[in-house]
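Please read this report beside the sequence and the 3D view.

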Amino acid sequence: MKVFGICASPRNNTTEYVLKTALDKLEEHNIETEMFTCQAKNIKPCMHCDYCLKNKKCIIDDDMKGVYEGLQNSDGIILATPVQSGGISSNLSAIMDRTRALEAIDYNLLRGKIGMSIAVGGDRTGGQDFAHLKNITYFMIHGIIPVSGGPFGSNLGASFWSNDSLDDIKVDRYGMESLNRTLNEFENFLNKYI
C-alpha cells in the first residue's frame, strides 16, 4: 500500500511539517509513503488547450511529472495546503487543474483511491474549512473517496493553526488531535477498500 502526499506550500515550513508528520505516522504502520513538495518547483497553470485529450499527455513540460507519477502509483492521496485568501494555495489549484491530463489518458485513473485533506491556516478560523471543501470537491470529481476525521472535531479533515510559526504549529494540540483522528479514518479506509 502506498500513500502520496502533496505539500502545496511554496515554502518548506508549517504545511510541510504537518504533512511529514502524517506520512511518518503512516510509515510506522508499514504503509509506504512519498512526498511531493511545491517548494522551488515549477508548476504552470493549465491552459485548457485540450492537447491532452488528443495526445494523452500534457503539452506543458514542467515539474508536474512527479505529481503525475505519484498520483498514478498511489493507493491513497493526502492534499496538504496552506490557507491562502481563505482557501487552497495557488500551487494546489494549478495541480488540481493539471490532473486533467491524467484522466485524458484514462478516465478512471484516480477512481477508487482514498483521499485526505490537511489545511494549515495562520489563524484558527482562517479558511481551513473552505480549503477542505475544495479538496473534497476535487476528490469527488475524480472518483477519489474522501475521508474525514469524523463528527467530533475533524469534520472535514485535519485543521491546524500555525500562527505563521513552525514553533507554534508544533504545540497546536487541537490540530494534532484532528490529524490523528483523520489519519485513523484514512488508514481504516485504506485497509477496507484497497
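## Terms and model

A residue is called buried under 20% relative accessible area, exposed over 50%, and partly exposed in between, with a 1.4 Å probe and protein chains only. This is a predicted model, in which local features need pLDDT of at least 70, side-chain atom pairs count only at pLDDT 80 or more, and totals for chains, interfaces and linings use all residues. Residues are numbered from 1 along each chain as its sequence is written, and side-chain values use heavy atoms, with hydrogens and water left out.

## Fold and dimensions

The protein has 8 helices and 6 strands. Both are DSSP runs numbered from the N terminus: helices are H or I with at least four residues, strands are E with at least two. Their order along the sequence is β-α-β-α-α-β-α-α-β-α-β-β-α-α.

The radius of gyration is 16 Å, which agrees with the value near 16 Å for a compact globule of 194 residues. That radius is taken over C-alpha atoms, and the globule rule is 2.2 Å times the number of residues to the power 0.38. Along the principal axes, the C-alpha atoms fill a box of roughly 50 × 35 × 25 Å.

## Packing, surface and charge

Of the 194 residues, 49% are buried. Contacts are counted where heavy atoms lie within 4.5 Å. Among contacts with a separation of 6 or more, 76% join residues 24 or more positions apart.

The accessible surface comes to about 9,300 Å², and carbon and sulfur atoms hold 48% of it. Areas come from the Shrake-Rupley method with a 1.4 Å probe; for residues, only the protein chains shown count as cover. There are 20 positive and 24 negative charges, and their mean positions are 5 Å apart. Lys and Arg count as positive, Asp and Glu as negative; His and the chain ends are not counted. Each charge is placed at NZ of Lys, CZ of Arg, CG of Asp or CD of Glu.

## Helix α3

Helix α3 spans residues 64–72. Its buried residues include Met64, Val67, Tyr68, Gly70 and Leu71. What covers them? The cover includes strands β1 (2–7), β2 (32–37) and β3 (76–82). Helices α4 (90–98), α5 (100–105) and α6 (128–141) also contribute to that cover.

## Helix α8

Asn184 sits in helix α8, residues 173–193. Asn184 is partly exposed, at 43% relative accessibility.

The protein has 2 aromatic pairs. One of them joins Phe189 and Tyr193: the ring centres are 5.4 Å apart and the planes are at 55 degrees, so the pair is tilted. The rule takes rings of Phe, Tyr and Trp (its six-membered ring) with centres within 6.5 Å; planes under 30 degrees apart are stacked, over 60 edge-to-face, and the rest tilted. Phe189 and Tyr193 are 4 residues apart in α8, which means a separation of about one helical turn. Phe189 is partly exposed at 23% relative accessibility. Tyr193 is partly exposed too, at 44%.

## The loop between β6 and α7

Asn163 lies in the loop between β6 (158–161) and α7 (166–170). Its phi is near 55 degrees, a positive value in a residue other than glycine. Asn163 is partly exposed, at 42% relative accessibility.

Asp164 belongs to the loop between β6 and α7. Asp164 is not a glycine, yet has a positive phi of about 55 degrees. Is Asp164 buried or exposed? With a relative accessible area of 60%, Asp164 is exposed.
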